[in-house]
Amino acid sequence: MGVRFEQGSTRKVIIIGPLAFKLPKGAVGRRCNLHEQGVWERNRAHESRGPRLCPVRWCAPGGWLLIMAAAAPAPLDFDIWALDDFWDYCPGDDEWPGEPKAADWGVFQGRLVMVDYSTPALT
C-alpha cells in the first residue's frame, strides 16, 4: 500500500491506499473541507453531477479533517471541456465548484472525477 503526499494552498493531502485525508492549513482549509462535504451531500445523487465528484467518506466537525475516496492522478493532457456539461446551471443551486486544471481532477472507478471542489470556499 503506497502513501502519497500532496500540498495545496489551503490543505495538505495524505493518500493512503483507498483513502485521501485532507488536513487544513488554517481556517480557509477548514472552510474548504466543509464546503466539499456540503457539495457532495447535495449533489451525490444527482444524475450528472454525482458521478463526476470524488466521494466524500467523512468530515470531522468544524472541517478539521475530510476523508475522501482516493483517485489516481488525472492524465496531464485531459480536456475538461470535452466532458458533457455535467454541472448544469440551476438558479440558487451550487455554483461550479472546481477549476479546469489537471491537479483538481483524478480517475476514480474508471471515470474522470473532480477531487478538489472547494473553489467557492476560497472567497
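Buried means under 20% relative accessible area, exposed means over 50%, and partly exposed is what lies in between, with a 1.4 Å probe and protein chains only. I begin there, as these words return throughout the talk.

What you see above is a predicted model, in which local features need pLDDT of at least 70, side-chain atom pairs count only at pLDDT 80 or more, and totals for chains, interfaces and linings use all residues. Residues are numbered from 1 along each chain as its sequence is written, and side-chain values use heavy atoms, with hydrogens and water left out.

Let me turn to the charged side chains. Side chains of opposite charge can pair when their charged atoms come close. A salt bridge is counted here if a side-chain nitrogen of Lys or Arg is within 4 Å of a carboxyl oxygen of Asp or Glu. How many salt bridges does the structure hold? There are seven.

One of them links Lys101 with Glu99, at 3.8 Å from N to O. Glu99 has a relative accessible area of 30%, so it is partly exposed. Lys101, at 38%, is also classed as partly exposed. Elsewhere, salt bridges with shared partners connect Arg11, Lys22, Glu36 and Asp116 in one network.

Another salt bridge is formed by Glu6 and Arg4, with 3.2 Å from N to O. Glu6 is partly exposed, at 35% relative accessibility, and Arg4 is partly exposed at 30%. Glu41 and Arg44 also meet through their side chains, at 3.7 Å from N to O. Here Glu41 has a relative accessible area of 42%, which means that it is partly exposed; for Arg44 the value is 45%, again partly exposed.

Next, the aromatic rings. Which residue lies over the face of Trp64? It is Arg30, at 4.2 Å from the ring centre. For such a contact, NZ of Lys or CZ of Arg must be within 6 Å of the ring centre and within 35 degrees of the ring normal. As for pairs of aromatic rings, the structure holds zero. Rings of Phe, Tyr and Trp (its six-membered ring) would pair with centres within 6.5 Å; planes under 30 degrees apart count as stacked, over 60 as edge-to-face and the rest as tilted.

I come now to the strands. Strands (E, at least two residues) and helices (H or I, at least four) are DSSP runs, numbered from the N terminus. Two strands pair if DSSP finds at least two bridges between them. Strand S6, residues 72-73, pairs with strand S7, residues 105-108, in the antiparallel sense over two bridges. Within this pairing, Pro73 stands opposite Gly106 of S7. S7 is in turn joined to strand S8, residues 111-114, by four bridges, and these strands run antiparallel. Phe108 faces Arg111 of S8 across that pairing.

What is the phi of Gln109? It is near 50°, a positive value in a residue other than glycine. Gln109 belongs to the loop between S7 and S8, and the hairpin of these strands has two residues between them. With a relative accessible area of 63%, Gln109 is exposed.

Finally, the surface. Val3, Phe5 and Ile16 make a nonpolar surface patch of about 290 Å². Patches are made of residues with over 30% relative accessible area and no salt bridge; like charges are joined within 9 Å, and nonpolar side chains (Val, Leu, Ile, Met, Phe, Trp, Tyr) within 5 Å. Areas come from the Shrake-Rupley method with a 1.4 Å probe, and for residues only the protein chains shown count as cover. Ile16 lies in strand S2, residues 11-16, and is partly exposed at 32%.
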